Amino acid sequence: MIKLRYSKRLFKRSSSSKQQQQQAAACGGDNGGAGEIEWEVRPGGMLVQKRDGRSGQEMVTVRVSTGFSWHDVSIAATSTFGELKVMLSMITGLEPREQRLLFRGKERDDTDHLHMVGVRDKDKVLLLEDPALKDMKLRALSARVVPSSCQPFIQV
């Protein structure tokens, strides 16, 4: 977040004194004619004035298919695929690093934003378990479960 200072003289309007007092109160009171504006950098690189609250944030419903079942997840349109993976980990039980999300036939990176890739309301995303990690899990489980075949039958 970047804070830039500005002078009220630059944005002076021809209005009544009552409106000017309201504007001064909205800009943080009367502190010598200068107020602070908070700025943010959007995912596309654009520098814009920061919005107040999250009430204006658009929510989308994404249908996530795991192959044999599907889940409807409501998430902010400006969220990343990494944040979507965290939400899915609560539903499916898979850790975010074990998940692979495919949208429009391509695997998406954790830092890709949903709205920048083109995810809209009611779009479908495919969730796959990472094959390498799945294989490692199976090997670890088989090593623990299979008992040793060299156990003595007769004790002396």
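Trainee: Which strand does Thr-61 lie in?
Mentor: Thr-61 is part of strand S4. Keep in mind that this is a predicted model.
Trainee: Is Thr-61 buried or exposed?
Mentor: Buried, because its relative accessible area is 18% and the cut-off for buried is under 20%.
Trainee: What does Thr-61 touch, not counting residues up to four places away in sequence?
Mentor: Asp-72, Val-73 and Ser-74 are among them. The list also includes Arg-120, Asp-121, Lys-122 and Asp-123.
Trainee: And Val-62, leaving aside its neighbours within four places in sequence?
Mentor: Val-62 is in contact with His-71, Asp-72, Val-73 and Ile-75, and also with Val-119, Asp-123 and Val-125.
Trainee: How does S4 run relative to S5, parallel or antiparallel?
Mentor: Antiparallel, with seven bridges between S4, residues 59–65, and S5, residues 70–76. Met-59 has Ala-76 as its bridge partner in S5.
Trainee: How many residues sit between S4 and S5 in the hairpin?
Mentor: Four. Gly-67 is in that turn, and its phi is positive, about 105 degrees.
Trainee: What about S4 and S8, parallel or antiparallel?
Mentor: Parallel, over three bridges, with S8 covering residues 124–129. Ser-65 stands opposite Leu-126 of S8.
Trainee: Switching to charges. How many salt bridges are there?
Mentor: Five. One of them joins Arg-63 to Asp-72, with the closest N and O atoms 3.1 Å apart.
Trainee: How accessible are Arg-63 and Asp-72?
Mentor: Arg-63 is partly exposed at 31% relative accessible area. Asp-72 is also partly exposed, at 43%.
Trainee: What does Lys-85 pair with?
Mentor: Asp-110, and the closest N and O atoms are 2.8 Å apart. This pair links distant parts of the chain, 25 residues apart. Asp-110 is in the loop between strand S7 and helix H3, while Lys-85 is in helix H2.
Trainee: Buried or exposed, that Lys-85?
Mentor: Lys-85 counts as buried, because its relative accessibility is 4%. Asp-110 is partly exposed at 37%.
Trainee: Which residue does Arg-100 bridge to?
Mentor: Glu-107, with the closest N and O atoms 3.3 Å apart. Both ends are partly exposed: Arg-100 at 25%, Glu-107 at 48%.
Trainee: Let's stay with H2. How does its span compare with what 12 residues should give?
Mentor: They agree: at 1.5 Å a residue H2 should span 16 Å, and its end C-alpha atoms are 16 Å apart.
Trainee: Which H2 residues are buried?
Mentor: Phe-81, Gly-82, Leu-84, Lys-85, Leu-88 and Ser-89. They cover an arc of only 150 degrees around the axis, so they are on the same side of H2.
Trainee: What do the buried residues of H2 pack against?
Mentor: S4, S5, S6, H3 and S8.
Trainee: What comes just after H2?
Mentor: Gly-93, which takes a positive phi of about 90 degrees.
Trainee: And the largest nonpolar core, which members touch the most others?
Mentor: Val-62, Phe-81, Leu-84, Leu-88 and Leu-101, out of 16 residues. At least two core residues come from each of S4, S5, H2, S6, H3 and S8.
Trainee: New topic. Where is Glu-40?
Mentor: Glu-40 is in strand S2, residues 34–41. Glu-40 is partly exposed, at 24% relative accessible area.
Trainee: How far is Glu-40 from Lys-50?
Mentor: They are 10 residues apart in sequence and 5.4 Å apart in space, C-alpha to C-alpha. Lys-50 is also one of the residues Glu-40 touches; others include Met-46, Leu-47 and Val-48.
Trainee: Last, the whole chain. How many helices and strands?
Mentor: Four helices and eight strands. Along the sequence the pattern is β-α-β-β-β-β-α-β-β-α-β-α.
Trainee: How much of the chain is buried?
Mentor: Buried residues make up 25% of the 156.
Trainee: And what share of contacts join residues at least 24 apart?
Mentor: 52%, among contacts between residues at least 6 apart in sequence.

Methods. Residues are numbered from 1 along each chain as its sequence is written. This is a predicted model: local features need pLDDT of at least 70, side-chain atom pairs count only at pLDDT 80 or more; totals for chains, interfaces and linings use all residues. Side-chain values use heavy atoms; hydrogens and water are left out. Two strands pair if DSSP finds at least two bridges between them. A salt bridge is a side-chain nitrogen of Lys or Arg within 4 Å of a carboxyl oxygen of Asp or Glu. Buried means under 20% relative accessible area, exposed over 50%, partly exposed in between (1.4 Å probe, protein chains only). A nonpolar core is a set of buried Ala, Val, Leu, Ile, Met, Phe, Trp, Tyr and Cys residues joined through side-chain atoms within 4.5 Å. Contact means heavy atoms within 4.5 Å. The expected span of a helix is 1.5 Å times one less than its number of residues. The arc is that of the directions from the helix axis to the C-beta atoms.
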